[in-house]
Amino acid sequence: MENVLVFAKGNKSFAPKKEIEKYKIDKFRFEFKELSRGETFEVKGRRVTVFRDGEWEATEYDNPSTDLLKETWVSGSIYSGTGNGQMVQRVIEPRISTDGYGSLYKIDGLGEDGLGYRYFCGPKSEGSTRARMFSGIPTKKLEEIESGEAVKSKSIPNIQVYEDYSPDFGNISHEGGVKYNSGKKPLKMINKLVDISNLDHNDIVLDFFAGSATTAHSIFESVSMGGNVSKFILVQLPERLSAHIKEQKDICSFLTSINKPHILSELSKERIRRAGAKILEENPDQADTLDVGFRVLKIDSSNMLDVQDDPDTLSQGDLMDRVAHIKRDRTEEDLLFQVMLNRGLELSQSIEVDSPAGQTVFYVGGDNLAACFATSGVTSDTVKAMAARRPLYAVFRDDGFGSDADKINAGQLLKQMTDGHTRMLVI
């Protein structure tokens with residue numbers, strides 16, 4: 001039985017339990033020194049002072065202290081849903097071209113630590129997009145620490161990853177070559193989850209919320225480094241994006257630049273393409289063995305027309321429409337995948353395409369299934385070519401034969417050439 005590692009978003013009904021622990025100050029290690037007066041300006045009535053590269057310095061101490069500051073990356077929900085994130089968007093991002101990379105911003109009127117301001121560091125270098133903020137211990141919490149009453153609650157994890165991914169979240173826009181700042185997970189974190197799950201080569205990784213397809217990228221990397229698992233399924237609704245929504249603006253611009261519609265699943269597919277290309281580029285010695293291909297499938301209605309009509313409502317003209325029982329807008333690939341599902345074949349199986357006697361034939365999983373969906377004139381040469389592969393099933397359209405006699409002859413030819421090994425199916 002194959003195992004499945006499932007990545008899915010949390011649900012309130014399954015919210016993690018909380019545990020209480022003593023409030024720790026181990027992350028409060030930073031101190032800043034202003035080496036100049038900086039440049040002062042106002043944004044939305046708030047006083048801001050910028051210290052450019054070389055006009056300030058920061059020290060990180062080995063020992064934490066209540067007098068020092070804590071570093072926090074402004075990313076994810078902090079970036080999109082807090083006042084600190086708005087400060088980064090309103091103050092820092094519009095001024096990067098003016099102030100340059102590596103600038104320090106002192107924004108007045110922020111924080112609960114009694115300082116009256118909060119420091120923000122803009123992106124360090126070109127290509128970086130995330131800022132960091134530095135805050136002290138809130139005055140109320142400081143009073144509790146001094147009185148020995150300071151505690152905090154934290155989620156009880158159901159899996160321990162033993163890593164700090166803050167820097168990875170901070171520079172997450174670099175990964176995969178696609179813009180997606182809302183909910184994107186670091187490749188390093190997904191790699192760790194895959195690694196500690198002890199997956200076997202037959203196991204499957206299932207991600208119900210593909211987003212920017214970090215999971216697929218992770219599996220490609222795992223395979224290139226000799227990992228066991230190579231199968232994954234990503235699920236993503238074709239969610240339409242809007243350039244008028246701030247968090248989606250960069251995604252829409254990126255999709256426009258590659259001539260793709262503003263649909264989230266298009267971003268997922270592009271990330272997989274780029275991740276696969278990058279893996280092959282980094283591992284040229286494995287270019288002939290690494291499989292970085294993928295298939296995109298979506299749920300649709302049956303390929304067959306509904307012919308169960310009420311006799312009292314059926315007209316003579318309707319009868320002519322029922323002669324062809326397969327919907328007119330369906331392709332040969334549509335029919336092939338429905339047959340694969342009906343026969344219980346994995347949709348990930350290999351598919352070869354050949355053209356014996358000028359007619360397209362699909363071979364699935366080697367010799368599990370051979371299918372020809374020609375709409376007329378299936379010849380004995382085509383049937384013989386299919387029989388030579390001795391598939392378990394040979395599939396044809398009912399209207400692919402010129403007459404009932406041709407269809408019967410095809411069945412007899414298959415039976416004779418394969419000693420009854422191949423079963424003929426007509427749809």
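The largest cavity has a volume of about 30 Å³, where a cavity is a set of points, on a 1 Å grid over the protein atoms alone, at which a 1.4 Å probe fits but cannot get out, and a volume is the space filled by probe spheres set on the points. This is a predicted model, in which local features need pLDDT of at least 70 and side-chain atom pairs count only at pLDDT 80 or more, while totals for chains, interfaces and linings use all residues. Residues are numbered from 1 along each chain as its sequence is written, and side-chain values use heavy atoms, with hydrogens and water left out.

The largest cavity is lined by F220, V223, I279, L290, D291 and V292, lining residues being those with an atom within 4 Å of a point. By class, this lining has 5 nonpolar, no polar and 1 charged residues; Ala, Val, Leu, Ile, Met, Phe, Trp, Tyr, Cys and Pro count as nonpolar, Asp, Glu, Lys and Arg as charged, and the others, Gly among them, as polar.

The second largest pocket, a pocket being an open set with protein on both sides within 12 Å along at least five of seven lines, has a volume of about 1900 Å³. It is lined by 43 residues, of which R295, V296, L297, K298 and L347 lie nearest its centre. The elements giving two or more residues to this lining are α7, β13 (231-234), α9 (264-282) and α11 (332-342); helices (H or I, at least four residues) and strands (E, at least two) are DSSP runs numbered from the N terminus.

Two helix pairs are set out below, with axes fitted to C-alpha atoms over the stretch in contact and angles running from 0 to 180 degrees between N-to-C directions.

| Helix pair | Axes come within | Crossing angle |
|---|---|---|
| α6 (187-196) and α7 (214-224) | 9 Å | roughly 60° |
| α12 (380-388) and α13 (404-417) | 9 Å | roughly 30° |

Angles under 35 degrees count as roughly parallel, over 145 as roughly antiparallel, 65 to 115 as roughly perpendicular and the rest as oblique. The helices α6 and α7 are therefore oblique to each other, and their contact (heavy atoms within 4.5 Å) is made by L187, I190, N191 and V194 of α6 and T214, T215, H217, S218, I219 and E221 of α7. These residues divide into 4 nonpolar, 5 polar and 1 charged.

By the angle at which they cross, α12 and α13 are therefore roughly parallel to each other. Their contact is made by S380, V383, K384, A387 and A388 of α12 and A410, L413, L414 and M417 of α13, and divides into 7 nonpolar, 1 polar and 1 charged residues.
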